Amino acid sequence: MQWVRDNYGVPAKRGGRIRYTGDETPQLGTITGARRGGLRIRLDGDKHPMPFHPTWELEYLDGAA
């Protein structure tokens with residue numbers, strides 16, 4: 001997770017809340033971890049986390065990006 005923060009300049013942290021704006025309707029989610037330079041995020045209502053790029057269509061709600 002530190003690598004993601006350092007290399008992409010985002011305030012990502014496990015348990016942090018995000019808003020994904022890549023679909024027609026923005027969705028809220030929770031960061032569950034990091035893997036291979038990306039984030040694992042479980043969108044609200046989903047059972048499993050999915051991979052997301054740290055800077056693409058994400059708004060970090062727990063800190064300034």
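How many helices and strands are there in the protein? There are 1 helix and 5 strands, where helices (H or I, at least four residues) and strands (E, at least two) are DSSP runs numbered from the N terminus. Along the sequence these elements come in the pattern α-β-β-β-β-β. The model is a predicted one, so to speak of local features takes a pLDDT of at least 70, side-chain atom pairs count only at pLDDT 80 or more, and totals for chains, interfaces and linings use all residues. Residues are numbered from 1 along each chain as its sequence is written, and side-chain values use heavy atoms, with hydrogens and water left out.

Now for the overall build. The radius of gyration, taken over C-alpha atoms, is 11 Å, which agrees with the value near 11 Å for a compact globule of 65 residues; the globule rule here is 2.2 Å times the number of residues to the power 0.38.

Two strands pair if DSSP finds at least two bridges between them. Strand S2 (residues 27-35) runs antiparallel to S3 (residues 38-43) over 6 bridges, with Gly 33 bridging to Arg 40 in S3. The S2-S3 hairpin has 2 residues between the strands. Arg 36 is found in this loop and has a positive phi of about 50° although it is not a glycine. At a relative accessible area of 80%, Arg 36 is exposed.

S3 in turn pairs with S4 (residues 50-52), again in the antiparallel sense, over 3 bridges. Here Ile 41 stands opposite Met 50 in S4. The hairpin of S3 and S4 has 6 residues between the strands, and Gly 45 takes a positive phi near 95° in it. Further along, Glu 57 sits in the loop between S4 and S5 (58-60). Its phi is near 60°, a positive value in a residue other than glycine, and Glu 57 counts as partly exposed at 31% relative accessibility.

Back in S2, Thr 30 counts as buried because its relative accessibility is 18%. Leaving aside residues up to four places away in sequence, Thr 30 touches Gly 15, Gly 16, Arg 17, Arg 40, Ile 41, Arg 42 and Asp 44. Gly 22, by contrast, lies in the loop between S1 (17-20) and S2 and is partly exposed, with a relative accessible area of 33%. Gly 22 and Trp 56 are 34 residues apart in sequence, yet 8.0 Å apart in space from C-alpha to C-alpha.

Terms used
Buried < 20%, exposed > 50% of the residue type's maximum accessible area, 1.4 Å probe, protein only. Contact = heavy atoms within 4.5 Å.
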